[in-house]
Amino acid sequence: MRTHSRRAVLGAGLAAAGSGLLSSRSPASADPNDRYGGHPSHGSPGSHGPRHDDVPAGYVTPDGPEVVDCERNRRGGSVRRFSLTAAETELDLGGLTVNTWAYGDRLPGKEIRVTAGDQIALTLHNRLPQDTTVHWHGLQLRNDMDGVPDVTQRAVKPGNYFDYRFTASTPGTHWIHPHVGVQLDRALYAPLIVDDPDEPLSYDKEWIVLIDDWLDGVDGVTPDDVLDELNKDKPGGAMGHGSMQLGRKRRTGHGSAAAAALLHRHTTKKRADDSDDDRYEINVEHPFHLINGRTSRDRETFRAKPGDRIRIRIINAAADTAYRVALGGHKMIVTHTDGFPVEHRETDSLLIGMAERFDVLVTAKDGVFPLTALSAGKPNLTAQALLRTGGGEAPDPKTRPKELRSGGLSADKLKADESVLLEDRSPDREIKMELTGTMDKWDWAINGKPYTPSQRYPVREGERVRMTFENTTTMWHPMHLHGHTFGMPDGGPRKDTTIVLPGKKLSVDFDAVNPGLWMLHCHNIYHSESGMMTVVGYRSPKSSK
């Protein structure tokens, strides 16, 4: 889930340059003095990315002067340097050994931690057999560091590396992952914590929890096999960054058969708008669920003392699964969602969509308690970890805390802390986003149009923008906007990812204060890579429209 280099992204503009995307570099071609923040050559051996001469003109480019000025205004402080290697590896997930791809041969990847205002300087080394990038989920960062192939940078080719450098100005619980194909559904993710220098919370310990659904390496299947199987009947195949960037050919044989076995097909009753009496719906069934890279057979144990006040930072890193989460025997006080403070609210359990984050406080009791994540809307499979503050036997891994019976508090039920409420203001622009597609045809799209890198929904810097999602599908979609946060209705929380329920409308507002080209997509990776993505683009100040 990470890395790229930062300034040479789109020299004269995508339309004029055709392929001005910021290049990765091969070690042999790199200037060591240019390691952080230099200008790699567009024609270097490390550069990669198809030409897109059909990109519309009149938009801010990812490294344009507007982006540079915005980054300068963030006034970055101390430089924090990191190195990250994405490579093939073998991992023991707790009674399950798989061949997969990971950051630093571990799952999750090592925590990246900085203080708001620090500059992150991270070098991504690609030792994978595919191109890759790093996306910094939840950060309002400069556009050419956002990690989106064909839009903000060229993907990093195998054997090459890329330098990311930017100011981390957004405090909170965030994470990193690739934005190429379905690489997220491997072991390529890690927590990204940006500490608030004026942190108001008081606590004794901190526990970072990443929840994940897992299929990679099980019976030889890969996420690419699953994506191919889902899109096998579509003329163009998958429509996301993976198919366009990698030019993959569909696999056949064992990998394809194993992928088909993980797809749960079931018949549903006819709807009024269906032409057939029956319609087939497909779910991806991940056979394992993990907390911090461990199955319930070999659970992680977090140790504390009775009475300790613990801050738990919960990140749903799953590709396709929402979870109901509870800590047995405890109440949780929700303090943040997607990194932003909320009015504190007590709950028995949480409902967390893909890519959402919740921070909670708990006061530890004496004993051993299961932290359980129950898959929502799927067969009832669980991931589990343990909180141990004293002696006694651990509960059975199949234990389901009674706290899960409450159904789970979702983020839309929260209220933003007064300090992060958007200014009361009427929208200058409204954008309608109809979420379309069916599970039988697997034709996911926005406004009926599957993703292409040349798509643009225009905004102008300084505008208040209202996006209205209308979900016309039978699935719920966690919609994520890059580089921004939006306000939920009626004083709801500030977020970058929100659940849109089937058959429902949801309007959110954001301020256009971070120029560039920004992805908007469903964070079910098999929906987005099949077409449910688009681009919100800032118009150039010189453009007439």
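How many nonpolar, polar and charged residues are in the lining of the largest cavity? By class, that lining has five nonpolar, seven polar and one charged residues. Keep in mind as you look around that this is a predicted model.

Searching the whole structure turns up two cavities of 30 Å³ or more, and the largest has a volume of about 60 Å³. Its lining is made of 13 residues, and nearest the centre you'll find His177, Pro178, His179, His521 and Ile525. Strand S31 (517–522) and helix H6 (525–528) each give at least two residues to this lining.

Then there's the largest pocket, which holds about 400 Å³ of space. Its lining counts 25 residues, with Pro171, Asp196, Gly339, Pro341 and Val420 lying nearest the centre. Split by class, these lining residues come to eight nonpolar, ten polar and seven charged. Four strands each supply at least two of the pocket's lining residues: S8 (190–195), S14 (309–316), S16 (332–337) and S17 (340–347). S17 provides the largest share, four residues.

**Cores**

Now for the packed parts. The largest nonpolar core has 86 residues, and Trp136, Trp214, Met467 and Tyr526 have the most contacts inside it. If you pick out Trp214 and skip its neighbours within four places in sequence, its contacts include Leu93, Leu96, Val98, Phe288 and Leu290, along with Arg186 and His286. There is also a second, separate core of 31 residues, with Trp207, Ala318, Leu327 and Phe358 among its members.

Phe358 comes up again when you look at Ser410: leaving aside neighbours within four places in sequence, Ser410 is in contact with Leu351 and Phe358. Ser410 sits in the loop between strand S21 (382–388) and strand S22 (429–436). Its side chain also makes a polar contact with the side chain of Asp412, at 2.5 Å.

Another serine to find is Ser540, in the segment after strand S32 (533–538). Beyond its neighbours within four places in sequence, Ser540 is in contact with Gly58, Tyr59, Val60 and Arg460.

**Buried or exposed?**

Helix H3 (residues 223–230) is mostly covered, with eight of its eight residues buried.

| Residue | Relative accessibility | Class |
|---|---|---|
| Ser410 | 10% | buried |
| Ser540 | 16% | buried |
| Asp219 | 59% | exposed |
| Asp338 | 0% | buried |

Why does Ser540 count as buried? Its relative accessibility is 16%, and buried means under 20%, so Ser540 falls in that class.

Most residues other than glycine have a negative phi, and most peptide bonds are trans. A few spots here go the other way. The phi of Asp219 is positive, near 55°, and this residue lies in the loop between strand S9 (205–214) and H3. Asp338 isn't a glycine either, yet its phi is positive at about 50°. You'll find Asp338 in the loop between S16 and S17, the two strands that each supply at least two residues to the lining of the largest pocket, as S8 and S14 do.

Finally, the peptide bond from Leu107 to Pro108 is cis, with omega near -10°. Pro108 is in the loop between strand S2 (97–103) and strand S3 (112–115), while Leu107 is one of the residues in contact with Trp214.

Technical notes: Residues numbered from 1 in each chain as written. Predicted model: local features only at pLDDT ≥ 70, side-chain atom pairs only at ≥ 80, totals over all residues. Heavy atoms only, no water. Core = buried A, V, L, I, M, F, W, Y, C linked by side-chain atoms within 4.5 Å. Buried < 20%, exposed > 50% of the residue type's maximum accessible area, 1.4 Å probe, protein only. Contact = heavy atoms within 4.5 Å. 1 Å grid on protein atoms, 1.4 Å probe; cavity = no way out; pocket = protein on both sides within 12 Å on 5 of 7 lines; lining within 4 Å. Points joined across faces, edges and corners; volume = space filled by probe spheres on them. Nonpolar A, V, L, I, M, F, W, Y, C, P; charged D, E, K, R; others polar. Polar contact = N/O pair within 3.5 Å; in protein donor to acceptor, adjacent residues only side chain to side chain.
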